[in-house]
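Morning, everyone. I have one structure to show you today. Let me put it on the screen.

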Amino acid sequence: MKALIFTALLLAPLADPGVQARGRRGDQDEAYQGRRAGSLRALRDIEGGLVPEMKRRGADYIGAEYDGGMGRYRLKFMRDGSVIWVDVDGRTGAVVGRAGD
């Protein structure tokens, strides 16, 4: 019986994919609302300035996510098997941090 309960607890988050996605979905909604209100730059604008620069440096663009708590976009790149993270202020579009570069 204990094994059955333990297994059920382990599988519970898998039964509701929204459990894992709610945090990210909330940030996506926040980014959407910020863009509509004019307080955040569009991700496409930020990508348009940064992706070509990183491409010239030999990095391939993987994707981006938005951190609503910090008001930043984190763009991810891959170069020579290493991931590079570039944090960009969502309001100004300025690069505010890099890691893995």
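I will go through the overall layout, then the aromatic rings, then one aspartate.

A word of caution before we start. This is a predicted model.

Layout, then. The protein chain has 101 residues, and 22% of them are buried. Its secondary structure amounts to three helices and four strands. What is the order along the sequence? The pattern is α-α-α-β-β-β-β. Now the contacts. Take those in the protein chain with a separation of 6 or more: 34% of them join residues 24 or more positions apart.

On to the aromatics. How many aromatic pairs turn up in the whole structure? Two.

Take Tyr61 and Phe77. Their ring centres are 5.3 Å apart, and their planes meet at 45°. Why is that called tilted? Stacked would need planes under 30 degrees apart, and edge-to-face over 60. The angle here is 45°, so the pair is tilted.

Buried or exposed? Phe77 is buried, at 0% relative accessibility. Tyr61 is partly exposed, with a relative accessible area of 30%. The cut-off for buried is under 20%.

Next, Tyr66 and Tyr73. This aromatic pair is tilted as well, with 5.0 Å from centre to centre and 55° between the planes. Tyr66 counts as buried, at 11% relative accessibility. Tyr73 is buried too, at 5%.

Last stop: Asp89. This residue lies in strand 3, which covers residues 82–89. Is its side chain's residue buried or exposed? Asp89 has 13% relative accessibility, so it counts as buried. What does the Asp89 side chain reach? The backbone nitrogen of Arg91, at 2.7 Å. That falls inside the 3.5 Å limit for a polar contact.

Which residues does Asp89 touch beyond its neighbours within four places in sequence? They are Ile46, Gly71, Arg72, Ala94 and Val96.

To recap. Two aromatic pairs. Over to you for questions.

Conventions. Residues numbered from 1 in each chain as written. Predicted model: local features only at pLDDT ≥ 70, side-chain atom pairs only at ≥ 80, totals over all residues. Heavy atoms only, no water. Helix = DSSP H or I, 4+ residues; strand = E, 2+ residues; numbered from the N terminus. Buried < 20%, exposed > 50% of the residue type's maximum accessible area, 1.4 Å probe, protein only. Contact = heavy atoms within 4.5 Å. Phe/Tyr/Trp six-rings, centres within 6.5 Å; stacked < 30°, edge-to-face > 60°. Polar contact = N/O pair within 3.5 Å; in protein donor to acceptor, adjacent residues only side chain to side chain.
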